Amino acid sequence: ALAVVVPQDPILTIGSSLTATCIINSEVNVDSHELYWTLNGQKLSSELYTLVNSSALRVMVHGLNGSRQQSGDNLVCHRVDGRILAGSCLYVGLPPEKPTNITCWSKNTKDLTCKWSPGGEGESFLRTKYTLKFKLRWYGKENECQEMGTAGLNSCYIPKDLALFTPYEIWVEASNKLGSAASDIISLDILDVVTTDAPFDVHVNRVGDLEDQLSVRWSSPPALKDFLFQAKYQIRYRVEDSTEWKVVDDIGNQTLCRLAGLRPGTVYFVQVRCNPVGIYGSRKAGIWSEWSVPTAASTPRNERSSGTCYQKSGESGSNLRRELKQFFGWVKKHAYGCTALNIKLYDQWRVWLQKSHKTRNQNQEVAVFIGLQEDSPGR
C-alpha cells in the first residue's frame, strides 16, 4: 500500500464532523505537503488541512450530510499529480425508525403476504435491511420470511406451511450500520385475512328490449369450493367514454344481478369482485378480491329518437359501403379473438358510430348488413 487513511470506513450520524489522516508508507518517496483530499470526487479546501509531519496530512470535515450512495461516500487522499494513494468510505445517515402499518392477506388460506411502512420519512441514507418475523402465539419457534419484495417494496411472501385456527404473531425488524428497530407485534388468524381470486366467466347481456337494463351473471372463484364460506359480491360499471365507476354494494351471495336506470344505446363496462366473508365462522370484515376482467355490452337503442329522414337509394348504398368499411376497421381494432361477426357486435359498433354523429336508419342498414354477411363467402 502506498498509504492508509485513518479511520477506515467510519459510521457517522448526519451532522457529524470527521477528522481523517492520510499516512504515507515510509517506502514511498512522497512528502505530505504534496497531497490533497477529495470527497466524492470534489476537491476539499486546503483550509481544512493540517500538516502533521512530512508523511501525514490531516483533514477535518464538518456537518456531514447523508451519504449520497448506500455503499458509502468516498474520502480519498491523492498525490499532487492526481494519483490515488489511499481512501476510506464514509457511512453517514440515521438509524432506522420503527416500521409501522403492517397489513397481511392470505390467498385462499394457502399462503400469507404482508406489507409495511418503513416508519418516519423512510430515509436513513444507509442500506437498511428489513426482516419479517412470525411465530404461533402460544407455541412454535420464531421464523423469518424469505421471499422479500414479491408484492412490491417493503413486502414479504410466506408460501406454505401455515396453520389455521391458531393466531400468529407477526412483526418487522429494521437494521443498518447505525442501529436497529422493531415494529409493534400484530396478532392475526389466517382465516381473518383471507382473500380469493376474482369471479370469472362474467356475462353481461341485454334484458329483452328494455333500453335501460343489463343482466350480469358470473361464476364464483373455484377455490371457494374448497372450504366453507359466505361470499358477498360487488359490481361496478361505467360508460365506455368515462373513467367514473358506479358501485353496486347490496348484492349478497347471489351470482346474478340486473343493472337498471342505464342510458339507451350506450356501451357499458362491468366488473365483479368477491369478499369471502364468514369463512369458518370468522367475524372479520374480509378482504376484497381483485376486480374481474372488464366485460362490455350495450343497451338497446331508443328507436323513438332515431328520426324519420330517409336518403336516396344511391346515397344510401354509397354511405352504407363507407360505413361498413368503417365497421370492419372497428372490428379489427376492438374485437380481438372474434371468429364470426354477429348482430350483437354490429350493435356495439352502431353505438360507437352514433357518438360520431353518423347514424343512419338502423333497421334498414342492419337488414342490408345481415344480407351481406349471409351472401359473403365462408358464411
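In strand β9, valine 92 is the bridge partner of leucine 12, and this pairing belongs to a set of 3 bridges that join β2 to β9 (residues 84-93), two strands that run parallel. The model described here is a predicted one. Both strands are part of an open sheet of 5 strands, ordered β2-β9-β8-β4-β5, in which the pairing is mixed; its edge strands, each pairing on one side only, are β2 (11-13) and β5 (42-43).

**The chain as a whole**

The protein chain contains 3 helices and 26 strands, and 41% of its 379 residues are buried. Of the contacts between residues at least 6 apart in sequence, 63% join residues that are at least 24 apart. The accessible surface amounts to about 21,300 Å², with 49% of that area belonging to carbon and sulfur atoms.

**Backbone features in the loops**

The loop between β1 (3-6) and β2 holds proline 7, which is joined to valine 6 by a cis peptide bond with omega about 0°. Aspartate 9 is found in the loop between β1 and β2 as well, and its phi is near 50°, a positive value in a residue other than glycine; with a relative accessibility of 37%, aspartate 9 counts as partly exposed. A positive phi, near 55°, also occurs at asparagine 40, which lies in the loop between β4 (36-39) and β5.

**Disulfides and other cysteines**

The chain has 3 disulfides, and with bonded cysteines counted along the chain they follow the pattern 1-2, 3-4, 5-6.

| Disulfide | S to S distance | Torsion about S-S |
|---|---|---|
| cysteine 22 – cysteine 77 | 2.2 Å | -85° |
| cysteine 104 – cysteine 114 | 2.1 Å | about 110° |
| cysteine 145 – cysteine 156 | 2.0 Å | -100° |

The link of cysteine 22 and cysteine 77 is left-handed; it connects distant parts of the chain, 55 residues apart, with cysteine 22 in strand β3 (residues 18-24) and cysteine 77 in strand β8 (residues 73-78). Because the torsion about its S-S bond is about 110°, the disulfide of cysteine 104 and cysteine 114 is right-handed, and it ties together parts 10 residues apart in sequence, since cysteine 104 lies in strand β10 (residues 100-107) and cysteine 114 in strand β11 (residues 112-117). The link of cysteine 145 and cysteine 156 is left-handed; cysteine 145 lies in the loop between β13 (143-144) and β14 (147-148) and cysteine 156 in strand β15 (residues 155-158), so the parts tied together are 11 residues apart in sequence.

Burial was computed for each pair: cysteine 22 and cysteine 77 are buried, as are cysteine 104 and cysteine 114, and likewise cysteine 145 and cysteine 156. Cysteine 257 is also buried, with a relative accessible area of 13%, whereas cysteine 89 is partly exposed at 21%, given that buried means under 20%.

Technical notes: Residues numbered from 1 in each chain as written. Predicted model: local features only at pLDDT ≥ 70, side-chain atom pairs only at ≥ 80, totals over all residues. Heavy atoms only, no water. Pairing = 2+ DSSP bridges. Helix = DSSP H or I, 4+ residues; strand = E, 2+ residues; numbered from the N terminus. Buried < 20%, exposed > 50% of the residue type's maximum accessible area, 1.4 Å probe, protein only. Contact = heavy atoms within 4.5 Å. Areas by Shrake-Rupley, 256 points an atom, 1.4 Å probe, with all protein chains shown as cover. Disulfide = S-S within 2.5 Å.
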